[in-house]
Amino acid sequence: MGDVLHLTGPVVLDDDRVVGEAWVIGGRLTFDRPGGDATTVDGWVVPGLVDVHCHIGLAAEGAVDRATAEAQARADRDAGVLLVRDAGSPADTSWVHQREDLPRLIRAGRHLALPKRYLRHYGRELAAPGDLPAAVAEEAARGDGWVKVVADWIDRDLGADGDLRPLWPDDVLAEAVRVAHEAGARVTAHTFSAEALDGLLDAGVDGLEHATGAEDRHVARIADAGIPVTATLLQVAQFSAIAERAGRYPAYAARMRRMHARRYAHVRDLHDAGVPLLVGTDAGGTIGHGRIADEAAELVAAGLPAREVLAAASWRTRAWLGVPGLAEGESADLVVYEADPRADVRVLAAPRAVVLRGSRVA
């Protein structure tokens, strides 16, 4: 059962509610004062953070072994991330569900792509575009209610004219999203380009990862549809370096430089239009795990209010994913900070305590 914890607050529940104190008993949160002794934990309490674009089980060269995946999950946990939506992984990480000491995990299965149209060893490469709906059905059955589709990537077969191009015909993409929804799953899509967005929006996709190519008309459509965008600014910060390595493809390199240069303005435009922005580090691959505070700081640097960023990194995204935050009788998944992270997200870099399923783990 463990110690009874007395959280002496303030305890931030959501956008509108803050209470003075709470307790953790038997792994659950309560606002009713119990009898007996309790261990006091003092500080600003918020619901466990969410990394909504994270790749446990993935490194730069592809799938990793179980020990490495566990270390990745622990790094996220110790940074205060207690809920991860894994946005595509070549490794089977379903075993994480059995580990009480690791973050809660919502898996999207493998990235779905075409041969030579995504990072090598990352995705499941389909033989033909028409295979997408059947593959979506299979990944929906393997995952935890999400499917990840790679909507665009550089087409090197165009030679020097190689640039970002959509992978799927619009009718195939629409059928794939319909199949996912019929199976009770949601679809999120990797997209850098402008060219892929109309097809994704017409198909009724449920989330957009990066969306760096969104033009004004796309931003308006995304906002009208209420589709969340995960900005992944840590990843977009690498676009300039990616362009330097893509000298054989000048059009692609120029596009990546443009998107890098406008990354902050782009995120502000999305926010100002009312697009729900989510917080995701894109950890795995070339970005280390445990960097949720850095991603939050990037969003603030782009001009978003700290309060909005924290909400997106915590209770709002928990609600969107269908996972409870801090409520009577729910699992005590929370992070404690020395100061109010709604006022300054730099506080996120130094949790005073991390409590997962009622146990103090960091």
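This is a predicted model: local features need pLDDT of at least 70, side-chain atom pairs count only at pLDDT 80 or more; totals for chains, interfaces and linings use all residues.
Let's start at a charged contact: Arg 263 lies over the face of Tyr 264, 4.8 Å from the ring centre.

**Aromatic pairs**

- How many aromatic pairs does the count give? It comes to five.
- One of them joins Tyr 118 and Trp 153, whose ring centres are 4.9 Å apart; with the planes at 70°, over the 60 degrees required, the pair is edge-to-face.
- Tyr 118 sits in the loop between strand E13 (112–113) and strand E14 (124–125), while Trp 153 belongs to strand E16 (residues 152–154), so this pair ties together parts that are 35 residues apart in sequence.
- Are Tyr 118 and Trp 153 buried or exposed? Both are buried.
- Phe 192 and Phe 239 make another edge-to-face pair, because their planes stand at 70° and their ring centres are 4.8 Å apart.
- Phe 192 is in the loop between E18 and H4 and Phe 239 is in helix H7 (residues 239–244), so here the linked parts are 47 residues apart in sequence.
- Phe 192 counts as buried because its relative accessibility is 5%, and Phe 239 counts as buried at 0%.
- Ring pairs bring Tyr 118, Tyr 122, Trp 153, Phe 192 and Phe 239 together in a cluster.

**Strand E18 and its partners**

- Strand E18 (residues 186–191) is mostly covered, with five of its six residues buried.
- Strand E15 (residues 146–150) runs parallel to E18 and is joined to it by five bridges; in this pairing Val 150 stands opposite His 190.

**The E8-E11-E12 sheet**

- Three strands, in the order E8-E11-E12, form an open sheet with parallel pairing.
- Its edge strands are E8 (49–54) and E12 (104–107), each of which pairs on one side only.
- From one strand to the next, the twist averages 15°.
- Four bridges hold E8 and strand E11 (residues 81–86) in their parallel pairing, where Val 50 stands opposite Leu 83 in E11.

Technical notes. Residues are numbered from 1 along each chain as its sequence is written. Side-chain values use heavy atoms; hydrogens and water are left out. Buried means under 20% relative accessible area, exposed over 50%, partly exposed in between (1.4 Å probe, protein chains only). Helices (H or I, at least four residues) and strands (E, at least two) are DSSP runs, numbered from the N terminus. Two strands pair if DSSP finds at least two bridges between them. Axes are lines fitted to C-alpha atoms, for helices over the stretch in contact, and angles run from 0 to 180 degrees between N-to-C directions. Rings of Phe, Tyr and Trp (its six-membered ring) pair if their centres lie within 6.5 Å; planes under 30 degrees apart count as stacked, over 60 as edge-to-face and the rest as tilted. A charge sits over a ring if NZ of Lys or CZ of Arg is within 6 Å of the ring centre and within 35 degrees of the ring normal.
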